[in-house]
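The stops below are meant to be selected one after another.

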Amino acid sequence: MAGEFFYTIMNGSANYTTLTDAQKVQFMLTNPALAKVINYNCDVFSTLKIVRKDEKEDDLTKLLKKPNPFQTQRQFLWMYRFWVMFGSAYMKSESNNIASTNARLFWLEPQKFNWGSSVLNKLDKHILSKKSENDLYKLTIDYTYTDGTKAKIALGDLTVFHDLANGLGNWLKGNSRIDPLYKIILNSESGLDSKNVNLEFSRKYLVSGQYDPSKNLNSPVGMQDIEKEGIVRKLRSKQAVHPVKAQVEIKRFVENLANLKLDESYNEDLSKIGAMYSIPGDVLEAIKGTATYENMEKSTARHIEYSEKPKAMDFLEGICSQFGLDANDYDLIFADNSFMKVFEKDQAEIFKSNAKTMETLVKIGGDANEIAEMLGMNLNFKKNAGQNQ
């Protein structure tokens with residue numbers, strides 16, 4: 001079964017099977033906990049703007065505004081982050097000339113690839129010459145569209161971005177974090193199924209009458225269908241009072257849904273999935289809606305700086321390499337850098353506190369430069385030449 005790991009102890013080797021690419025995509029789109037984490041990262045990443053440092057517009061910034069006829073820059077970047085979280089993102093350009101009208105950019109869907117054994121047998125080899133590299137990039141793989149038609153895609157036409165390592169069996173396919181999350185995702189699915197079933201049964205009731213000794217319990221004749229239907233009809237009517245011959249006991253099938261703690265289980269799964277994608281705990285609290293606005297701003301800022309910005313740099317370097325551009329000519333800006341204001345505010349508070357400390361220490365005879373160095377303040381106080389005269 002996909003996702004189960006089997007270890008061979010005697011010979012020291014490890015054999016395992018993983019999810020198919022199609023299964024991973026299905027989980028990414030349909031599992032609420034996993035989709036929540038993915039959507040958050042993609043939403044944050046899609047605020048990225050790539051601009052030239054000289055503030056001029058060039059062919060790359062123009063192309064990114066409308067990479068293809070179907071996507072805006074935000075949508076294109078959203079899908080980049082989506083596929084990177086899948087494990088690897090595959091970008092195809094219709095032309096290597098960025099100034100060409102055919103320089104359209106598309107993301108390919110990895111689950112539609114058929115690598116083929118002959119290609120795979122060469123993608124784990126070490127390439128020792130430029131000729132071997134060029135020969136490798138001339139190889140093609142089959143890409144199957146939804147209607148069943150196929151296209152041949154040369155490996156050299158792909159610009160590939162990886163989330164994790166890409167040197168384990170296939171240079172053009174990175175490892176996916178979804179594989180080790182398999183059982184957690186299944187637990188989350190089971191918890192949601194359980195809640196769905198319990199919610200259904202929480203609307204149902206068990207109705208029983210008090211035992212009547214005058215009745216013959218050994219009689220083969222039980223309650224007739226017409227009697228059952230009569231009871232149900234009366235109980236569901238709008239009447240406030242229901243006269244009955246004997247005392248009736250009504251019980252829910254599910255007495256207390258909260259005792260099952262299914263929502264807590266979902267939040268735990270969300271935390272584990274988020275942690276696998278290196279999302280800090282306070283960011284996860286923000287995703288769950290349990291963090292304050294200020295904490296949410298700070299945690300989002302840290303998350304962008306330490307997680308999303310490196311992925312943005314990967315994207316910039318990859319697309320610049322594709323078109324022969326210099327990545328150093330561009331700046332990465334997230335949401336107009338508004339998140340940096342959080343850091344600037346914190347730094348201002350720290351500086352203010354350090355300044356007060358320094359003022360106090362100088363008043364009692366401390367050396368200003370030594371105190372500044374101790375507090376990590378980049379200051380240089382020059383002594384007045386006539387101060388000691």
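This is a predicted model: local features need pLDDT of at least 70, side-chain atom pairs count only at pLDDT 80 or more; totals for chains, interfaces and linings use all residues.

Residues are numbered from 1 along each chain as its sequence is written, and side-chain values use heavy atoms, with hydrogens and water left out.

**Stop 1: helix α2**

Select residues 32–45, which make up helix α2. Helices (H or I, at least four residues) and strands (E, at least two) are DSSP runs, numbered from the N terminus. The 14 residues of α2 reach 20 Å from first C-alpha to last, close to the 20 Å expected at 1.5 Å a residue; the expected span is 1.5 Å times one less than the number of residues. Because 10 of the 14 residues are buried, α2 is largely enclosed by the rest of the structure. Buried means under 20% relative accessible area, exposed over 50% and partly exposed in between (1.4 Å probe, protein chains only). Among the buried residues of α2 are Leu34, Val37, Ile38, Tyr40 and Phe45.

**Stop 2: helix α4**

Next select α4, residues 73–86. Helix α4 is mostly covered, with 11 of its 14 residues buried, including Gln73, Arg81, Trp78 and Trp83. Just after α4, look at Gly87, whose phi is positive at about 145°.

**Stop 3: the cores**

Show Trp107, Tyr277 and Phe315, the residues with the most contacts inside the largest nonpolar core, which has 55 residues. Such a core is a set of buried Ala, Val, Leu, Ile, Met, Phe, Trp, Tyr and Cys residues joined through side-chain atoms within 4.5 Å. Helix α4 supplies the largest share of this core, 9 residues. Apart from this core lies another, of 13 residues, among them Leu108, Trp115, Leu136 and Ile153.

Centre on Tyr277: leaving aside neighbours within four places in sequence, Tyr277 is in contact (heavy atoms within 4.5 Å) with Leu34, Val37, Met85, Asp163, Arg177, Ile178 and Leu181.

**Stop 4: the sheet**

Switch to a cartoon view for the open sheet of 3 strands, ordered β6-β7-β8 with antiparallel pairing. Two strands pair if DSSP finds at least two bridges between them. The edge strands, β6 (113–114) and β8 (150–154), each pair on one side only. Between β6 and β7 (residues 140–144) there are 2 bridges, and Phe113 has Tyr143 as its bridge partner. Between β7 and β8 there are 5 bridges; there, Thr144 is partnered by Lys150. These two strands form a hairpin with 5 residues between them, and Gly148 in the turn has a positive phi of about 95°.

**Stop 5: aromatic rings**

The whole structure holds 18 aromatic pairs. Rings of Phe, Tyr and Trp (its six-membered ring) pair if their centres lie within 6.5 Å; planes under 30 degrees apart count as stacked, over 60 as edge-to-face and the rest as tilted. Select Tyr90 and Phe113, an edge-to-face pair at 4.9 Å centre to centre with 75° between the planes. The pair links distant parts of the chain, with Tyr90 in strand β4 (residues 88–93) and Phe113 in β6, 23 residues apart. Both Tyr90 and Phe113 are buried.

Then select Phe45, Phe76, Tyr80, Trp107, Phe161, Phe315 and Phe334, which form one aromatic cluster.

**Stop 6: cysteines**

How many disulfides does a search of the whole structure find? The search finds 0, a disulfide being a pair of cysteine sulfur atoms within 2.5 Å. Cys42 counts as buried at 0% relative accessibility, as does Cys320 at 1%.
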